[in-house]
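Open the structure in your viewer and keep the sequence panel beside it. We will go from the whole chain to single residues, one selection at a time.

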Amino acid sequence: MKITIISVGKLKEKYLKQGIQEYEKRLGSYASIDLIEVPDEKAPENLSEAQMEEVKQKEGERILAKVNPDAHVVTLEIEGKMLTSEKLAKELDQLATYGKSKVTFIIGGSLGLSNEVMNRSDFALSFSKMTLPHQLMRLVLLEQIYRAFRINRGEPYHK
């Protein structure tokens, strides 16, 4: 399985980079992992609704330019569907079983995702109704993907 994670913005925090590298290493024996960062759009603090849409639009264009046309796309959205770790594992297993071996996860910027990106999505996934930093979501997502592979292989993992 080829897993691509497209995220907006450059990761700067050392502790997050270290955690991500650890899970990339762990996942190496289960899947091919490709982490793609697209630049975030610089914007002032107090944006109008129109300016926010423009920022999401520009970031969305950068995201969509990196999406493989035959990829199964999963967007991370607050309003998406919440899954247990076991259910995510089952979903990934079913995708692999039915020939969808290219899975792309998309993490938007601080303002979220453009409508075009959400329309390209095959599945909207939510980790929480709470707002979480998009940089932190990379690490959380990788951990859950790793957990999913361990579950699917019947291998032990901390509960």
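## Start with the whole chain

Colour the chain from its N terminus onward: the elements of the protein follow the order β-α-β-α-β-α-β-α-β-α. That gives five helices and five strands, where helices (H or I, at least four residues) and strands (E, at least two) are DSSP runs numbered from the N terminus.

A word on what you are viewing: this is a predicted model, in which local features need pLDDT of at least 70 and side-chain atom pairs count only at pLDDT 80 or more, while totals for chains, interfaces and linings use all residues. Residues are numbered from 1 along each chain as its sequence is written, and side-chain values use heavy atoms, with hydrogens and water left out.

Now zoom out. Along its principal axes the C-alpha trace spans about 50 × 35 × 25 Å. Of the 159 residues, 41% count as buried (buried means under 20% relative accessible area, exposed over 50%, partly exposed in between, with a 1.4 Å probe and protein chains only).

Pick strand S1 (2-8) and strand S2 (residues 32-38): they run parallel, joined by seven bridges. Strands count as paired if DSSP finds at least two bridges between them. Within this pair, look for Ser-7, which stands opposite Glu-37 in S2.

S1 and S4 run parallel and are joined by six bridges, with Ile-6 opposite Ile-106 in S4. S3 also pairs with S4 in the parallel sense, over four bridges; here His-72 has Val-103 in S4 as its bridge partner.

## Go inside

Show side chains for Ile-3, Ile-5, Phe-105 and Ile-145: these have the most contacts inside the largest nonpolar core, which has 28 residues. Such a core is a set of buried Ala, Val, Leu, Ile, Met, Phe, Trp, Tyr and Cys residues joined through side-chain atoms within 4.5 Å. Elements giving two or more residues to this core include strand S3 (72-82), helix H3 (85-97) and helix H5 (134-152). H5 supplies the largest share, eight residues.

Centre on Ile-145. Apart from neighbours within four places in sequence, Ile-145 is in contact (heavy atoms within 4.5 Å) with Ile-3, Ile-5, Leu-27 and Phe-105. A second, separate core has ten residues, among them Val-8, Ile-63, Val-67 and Val-73.

## Finish at the surface

Last stop: Ala-65, in helix H2 (residues 49-65). Is Ala-65 buried or exposed? Its relative accessibility is 62%, so Ala-65 counts as exposed. Select Val-38 too: the two C-alpha atoms are separated by 9.7 Å, although the residues are 27 apart along the chain.
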